[in-house]
Amino acid sequence: MIDIHTHILPGIDDGSKDIMQTMQMIKEAELAGFTDIITTSHYIENEYDVGRDDRQALIDAIQNEVNKEQINIKLYNGAEAFITNNLVDLVDDKEIPTLSESRYVLFELPMHMNVIYLDRVVEELITSKYRPIIAHPERYDIVQENPNLAIKWVRNGVLLQSNYSSIIGNYGTDAKDTLLKLLDANAIHFLGTDTHSPNTKYVHMSEMLEEYKNVIGEEKLEELTQINPSKILSDEKIRPDEPEDIAIKKHWFK
């Protein structure tokens with residue numbers, strides 16, 4: 001499997017605190033069945049703003065240690081960028097790394113707010129030949145309230161990455177319910193751990209994978225964990241199937 005969303009680089013965001021935690025997570029990833037990890041530490045202007053080249057130097061040093069310990073994991077550069085008005089400029093300037101030097105850009109939205117300029121940023125990314133991926137849509141209030149918003153994003157050219165542990169309620173019942181709706185609507189294109197620390201996500205992968213098999217089947221699970229992520233590594237364009245509209249239950253109040 002290929003993990004496209006992780007926070008394993010030490011000391012540059014709210015993820016791994018040091019190299020010991022990083023190495024422990026990488027070992028856990030190998031035991032869980034991963035062979036490739038895209039490191040996507042946060043990029044938030046004026047908060048977590050380590051640039052592409054500094055990240056790559058850190059990745060190279062960690063990969064050397066991984067190789068020395070004969071761990072079968074390959075690491076790649078990347079970031080989970082927090083959406084901003086000038087997102088395209090930051091990517092163009094090589095400040096925010098794309099995923100594995102591809103045209104794919106992973107970014108997140110505020111959990112509890114609407115972003116009025118989201119459509120414009122998506123259009124700018126696509127016009128600039130980038131391929132936008134929105135992280136964990138099931139966690140956003142606006143998607144939980146109206147999952148068809150995520151369907152609209154997909155139809156506008158966005159791909160969606162959900163977190164593995166949403167399926168077991170790690171982010172609450174609303175996130176789990178929203179994930180199930182998006183999976184049923186064929187609107188999710190990748191799964192990622194979004195791991196931040198040892199002894200959390202990777203050690204529970206067998207439980208989560210079993211849940212996904214029960215919901216979407218082994219063939220679809222392979223698409224979300226191996227086939228589509230491998231297209232990021234090879235910078236191959238993904239042409240997703242048309243998602244389905246989600247039926248929204250109406251609540252009538254007297």
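How are helix 1 and helix 2 oriented to each other? They are oblique. The legends below cover this predicted model.

**View 1. Helix 1 crosses helix 2.** Helix 1 spans residues 19-32 and helix 2 spans residues 52-68. Their axes come within 11 Å. The crossing angle is roughly 55 degrees. The crossing of helix 1 past helix 2 is right-handed. Helix 1 supplies Ile19, Thr22, Met23 and Ile26 to the contact. Helix 2 supplies Ile62, Glu65 and Val66. Sorted by class, the contact of helix 1 with helix 2 holds five nonpolar residues, one polar and one charged.

View 2. Strand 7 covers residues 131-135, and strand 8 covers residues 159-163. These two strands run parallel and are joined by three bridges. Ile133 has Leu159 of strand 8 as its bridge partner.

**View 3. Side chains of strand 8.** In a regular strand, side chains alternate between the two faces of the sheet. Strand 8 has Leu159, Gln161 and Asn163 pointing one way. Leu160 and Ser162 point the other way. Is each of these two sets buried or exposed? The residues of both sets are buried. Five of the five residues of strand 8 are buried, so the strand is largely enclosed by the rest of the structure.

View 4. Ile188 sits in the loop between helix 7 (173-184) and strand 9 (190-192). Its relative accessible area is 2%. Ile188 is therefore buried, as the cut-off for this class is under 20%. Which residues does Ile188 touch, leaving aside those up to four places away in sequence? They are Pro137, Leu160, Ser162, Leu179, Leu182, Leu183, Lys220 and Leu224. Among them, Leu160 and Ser162 belong to strand 8, where they point the same way. Lys94 gives a reference point elsewhere in the chain: it lies 94 residues from Ile188 in sequence. In space, Ile188 and Lys94 are 28 Å apart, C-alpha to C-alpha.

**View 5. Helix 7 packs on helix 8.** Helix 8 is made of residues 205-233. The axes of helix 7 and helix 8 are 11 Å apart. The packing angle is about 55 degrees. Helix 7 is therefore oblique to helix 8. Helix 7 passes helix 8 in a left-handed crossing. On the helix 7 side, the contact is made by Leu179, Leu180 and Leu183. On the helix 8 side, Tyr212, Val215, Ile216 and Leu224 take part. The contact of helix 7 with helix 8 has seven nonpolar residues, no polar and no charged. Leu179, Leu183 and Leu224 of this contact also touch Ile188.

Technical notes
Residues numbered from 1 in each chain as written. Predicted model: local features only at pLDDT ≥ 70, side-chain atom pairs only at ≥ 80, totals over all residues. Heavy atoms only, no water. Axes fitted to C-alpha atoms, helices over the stretch in contact; angles between N-to-C directions. Helix = DSSP H or I, 4+ residues; strand = E, 2+ residues; numbered from the N terminus. Parallel < 35°, antiparallel > 145°, perpendicular 65-115°, else oblique. Left-handed = near helix turned anticlockwise from the far one by under 90°. Contact = heavy atoms within 4.5 Å. Nonpolar A, V, L, I, M, F, W, Y, C, P; charged D, E, K, R; others polar. Buried < 20%, exposed > 50% of the residue type's maximum accessible area, 1.4 Å probe, protein only. Pairing = 2+ DSSP bridges.
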